[in-house]
Amino acid sequence: SNPFEVKVNRQKFDILGRKTKNDVGLPGVSRSKAIKKRTHTLLKEYKEREKTNVFKDKRFGEYNTKITPEEKMIRRFTLERQQNYGKKNIYNLNEDEELTHYGQSLAEIEKLNDIVDSDSDTEERGTLSAELTAAHFGGGGGLLRKKVSSGQQDEEEEKPKSRKELIEEMIAKSKYEKQERQTRRESALELTEKLDNDWKEIQTLIVCKTPKSEKKDKEVEKPKPDEYDMIVRELGFEMKAKPSERMKTEEELAKEEQARLQKLEADRLRRMRGIDDQANKKKPSHVSADDLADGFILDKDDRRLLSYKDGKINIENEEEEKEEEDDEYGGKEDNENEEESEEESDSEDEEDDAADGHSDLESDLESEEEAAGNKEEKKHKTDKKQTQNVEELDPEREAAKSELPYTFAVPESYETFKSLLAGRTIEQQLIVLERIQKCNHPSLAVGNKAKLEKLFGFLLEYIGELATLDFPELRTIDRLILPLYNLCQMFPEAASDSIKFILRDAAHDTGEVIEVKGRATFPGLDTLIYLKITSLLFPTSDFWHPVVTPAFMYMSQLLTKCRITTLQDVIKGLFVCCLFLEYVSLSRRFVPELINFLLGVLHISLPKKQAQG
């Protein structure tokens, strides 16, 4: 044992014959016992120091797993009956027993009829009751006593009953009625039990078993299952839902779309060049049924040593070795073939010398003519096939050429962008813009973001150019708003910068004109369309916005500083008023320039009156 865990209690004097219990103490053990005791007592008190109520679960056998639930219920019922059995009250109508104390009923004692003086608890101070004197001494005159007693009885009968007596009578009456009801119920139960027993005895005699053959005849056809039951059964056999594939990210979707468009573009180019897919496919070589597939060489050793150069496998060296081997093998075969052909020619010459020469010459001429005829026939057939293929491919080529390319690079300048869209319908222009966005998504390459930001500026410039034509293409502009909005959602900062730049230029131009002339003219249709686009791309209800607030200021400047000279100016001003109404539809702001302009227009529209006098 550890000597530091033991404490020796030394005594001053050693006394013979005295047994000491605490010679050696164990402070560690005693400390742990004390801590346990404190946790069970002091800690509980400390935790419950501010609590007044204590909830104790006194249900019988609630946490006893050995007792079954039925036994628990029976035992609880008996305990409840035992608890209620002892509680009795005067006004309890269910009480049948009378409690007594030393032979006297408690009900009579509670009436407090015997008034005892405080001075005489045990002594009666010489008083004699009438009953006692009559019992011991006769009372002197029995007739008189009888009369008195009869008179007393009449007086008792004439006396009105007290409240307690009335309550006691009522209680007694209710108990009597209850007992009668209970006896009637018990008698009725006994009679019903007797009837049930008699009926069972009679029933065995009445009921007779029918034979199986009759049962089969009487059996009713089973009802057909309901539509609801049929649907429920079908649902049981249906396949349960399988987990679907995870949702793809924007980058993955962009890559898939780019791959799809690249594949379609490759197919279009192949069709445009007239390359046939079927020609590229290798036809399977014919293998006879008797072929044993033993045409491979086993003597050749194909194994090569692995060699590395700068941490990579040397593939070039292997390819060079293969070419060298093929050359050597081919050279050897050529030499062998030449030698064999020389030997054969020598042997043929010797035979020819022996035989007649004229017959050999004739046979050679015939064989040459047949070979030439076969070659001409083959050439003719190949030419026919080629012409047929060209005729078939011509419509496909034309269709491929007329079809839109599937992949587009982002144009670097406005001229290239304009050339891409020139001569195409509005649907084709939308498709081109969509394919440019998909093929050059920002997640596919590093520089794509800057390119698409430039594309937003080119598209804005293109819309402005369409608006400045002699016959403005408003329908085309309306359709081009959608790709413009998509680009704005992708790059909001670049979009706001480009629109701010346009508005700044327009405001600067009008400001210069106002400084010179004092008044300015309304801007062109392109600027008005840019103001309309601003309301579509950016939120107009904000208190302050980097794009919408300058547009507000510019429009208010137009309504106050621009002079109305023609009907076209009125129309432009009213268009700006409509834009103001759109801008303020949610924020409900007051625009005094708008009211002032409308009042001015109404004033101008009135007919002029000649001055009188």
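**Chat on helix packing and confidence**

User: How do α19 and α21 sit relative to each other?

Analyst: This is a predicted model. In it, the axes of α19 (residues 525-537) and α21 come within 10 Å and cross at roughly 10 degrees. Angles under 35 degrees count as roughly parallel, so the two helices are roughly parallel to each other.

User: Which residues meet there?

Analyst: From α19 you have Leu528, Leu531, Lys532, Thr534 and Ser535. They meet Lys572, Phe575, Val576, Leu579, Glu582 and Tyr583 in α21. By class, that contact has 6 nonpolar, 2 polar and 3 charged residues.

User: OK, and α17 against α19, what's the angle there?

Analyst: About 40 degrees, with the axes 11 Å apart. That makes α17, which covers residues 474-490, oblique to α19.

User: Left-handed or right-handed crossing?

Analyst: The crossing of α17 and α19 is right-handed.

User: Which side chains are we talking about, and what classes?

Analyst: On α17 the contact uses Leu474, Ile477, Ile481, Leu484, Tyr485 and Cys488. On α19 the partners are Leu525, Ile529, Ile533, Leu536 and Leu537. By class, this contact has 11 nonpolar residues, with no polar and no charged ones.

User: Switching topic: how many aromatic pairs turn up?

Analyst: A search of the whole structure finds 6. One of them is Phe522 with Phe597: the ring centres are 6.4 Å apart and the planes are at 75 degrees, so the pair is edge-to-face.

User: Where do Phe522 and Phe597 sit in the chain?

Analyst: Phe522 is in the loop between α18 (492-517) and α19, while Phe597 is in helix α22 (residues 592-605).

User: Now the confidence. What's the average pLDDT?

Analyst: The protein averages 78, and 68% of the residues score at least 70.

User: Which elements have the highest and lowest mean?

Analyst: Helix α21 (residues 567-583) has the highest mean pLDDT, at 93. The lowest is 53, for helix α12 (residues 315-354).

User: Where does pLDDT go below 50?

Analyst: One stretch is residues 116-123, which has 2 contacts in the model beyond near neighbours in sequence. Another is residues 354-359, where pLDDT stays under 50 and the model has 0 contacts beyond four places in sequence.

User: What should I not read in detail, then?

Analyst: The predicted coordinates, wherever pLDDT is low.

How values were computed: Residues numbered from 1 in each chain as written. Predicted model: local features only at pLDDT ≥ 70, side-chain atom pairs only at ≥ 80, totals over all residues. Heavy atoms only, no water. pLDDT = per-residue confidence, 0-100. Helix = DSSP H or I, 4+ residues; strand = E, 2+ residues; numbered from the N terminus. Contact = heavy atoms within 4.5 Å. Axes fitted to C-alpha atoms, helices over the stretch in contact; angles between N-to-C directions. Parallel < 35°, antiparallel > 145°, perpendicular 65-115°, else oblique. Nonpolar A, V, L, I, M, F, W, Y, C, P; charged D, E, K, R; others polar. Left-handed = near helix turned anticlockwise from the far one by under 90°. Phe/Tyr/Trp six-rings, centres within 6.5 Å; stacked < 30°, edge-to-face > 60°.
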